[in-house]
Amino acid sequence: MNLFIPDIYAKNVFNINFNKLKENGIKCILFDLDNTLALLTEDKPNNEVKELFAKLDDLNLKAIIVSNSRKSRVAPFKEVLNVDSACMSMKPLKRKYKKILKIYKYDVSEVAAVGDQILTDVLGANKVGITSIFVDRLSPEDKLFTKLNRKIEKMILKRLNKKGIYEKEKYYGN
Ligand SMILES: [Mg+2]
């Protein structure tokens, strides 16, 4: 199995079919923060994100923010959205995912992870065996380290494109 291939590809977090995920047995969604839930310039969740998280609450889907960023970056989102969070997660390493599965007692089949990066969000989720959801980044602005990852990501996506697996904005699996 190619660990770089997302199970689901959606335009953004608002276009994910959470009802269907729930029907398929998903109980918990791990959300990346930067460029997935918020622009780098946003220091707290906007109204659209707040509404999304209220909807998840209604669906009884547990949302957890799992970010590689610092605590100070993640904290305002955790507070306003009133969700659990993990910072400095070192995605794509398995450690934090494993810890979350253990703490909340979820099976891999019950968790999905959403993010805008193949090399961290998708790879990490696929390595652990949870459902991986790839979304287009909110903005072309990336952090310095991410810029390096994007170069590699570009090559990976190009290869997947040649195999007919991935095409930008050709969303699937939702
Ligand atoms: Mg991100």
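Me: In which sense do strand β1 and β6 pair, and over how many bridges?
Reply: Keep in mind that this is a predicted model. Strand β1 covers residues 8-10, and its Y9 has F134 as bridge partner in β6. The pairing of β1 with β6 is parallel, over 3 bridges.

Me: Which residue of β6 is the bridge partner of A112?
Reply: Let's look at strand β5, residues 111-115, which pairs with β6 in the parallel sense over 4 bridges. A112 has its bridge partner in β6, and that partner is T131.

Me: What handedness does the unit made by β5, helix α5 and β6 have?
Reply: The path goes from β5 through helix α5, residues 118-128, to β6. Together they make a β-α-β unit, and its hand is right-handed.

Me: Are the two faces of β6 covered or open?
Reply: Side chains in a regular strand alternate between the two faces of the sheet, so each face gets its own check. On one side sit T131, I133 and V135, all buried. On the other, S132 and F134 are buried too.

Me: How many helices and strands does the protein chain have?
Reply: Reading from the N terminus, the elements run β-α-β-α-β-α-β-α-β-α-β-α. The tally is 6 helices and 6 strands.

Me: What radius of gyration does the protein chain have, and why does it agree with a compact globule?
Reply: The C-alpha trace spans about 40 × 35 × 30 Å along its principal axes. With 174 residues, a compact globule would come in near 16 Å, so the chain's value agrees: 15 Å.

Notes
Residues numbered from 1 in each chain as written. Predicted model: local features only at pLDDT ≥ 70, side-chain atom pairs only at ≥ 80, totals over all residues. Buried ≥ 20, exposed ≤ 12 C-beta atoms within 10 Å, placed from the backbone. Pairing = 2+ DSSP bridges. Right-handed = clockwise from strand over helix to strand, strands pointing away. Rg over C-alpha atoms; globule rule 2.2 N^0.38 Å.
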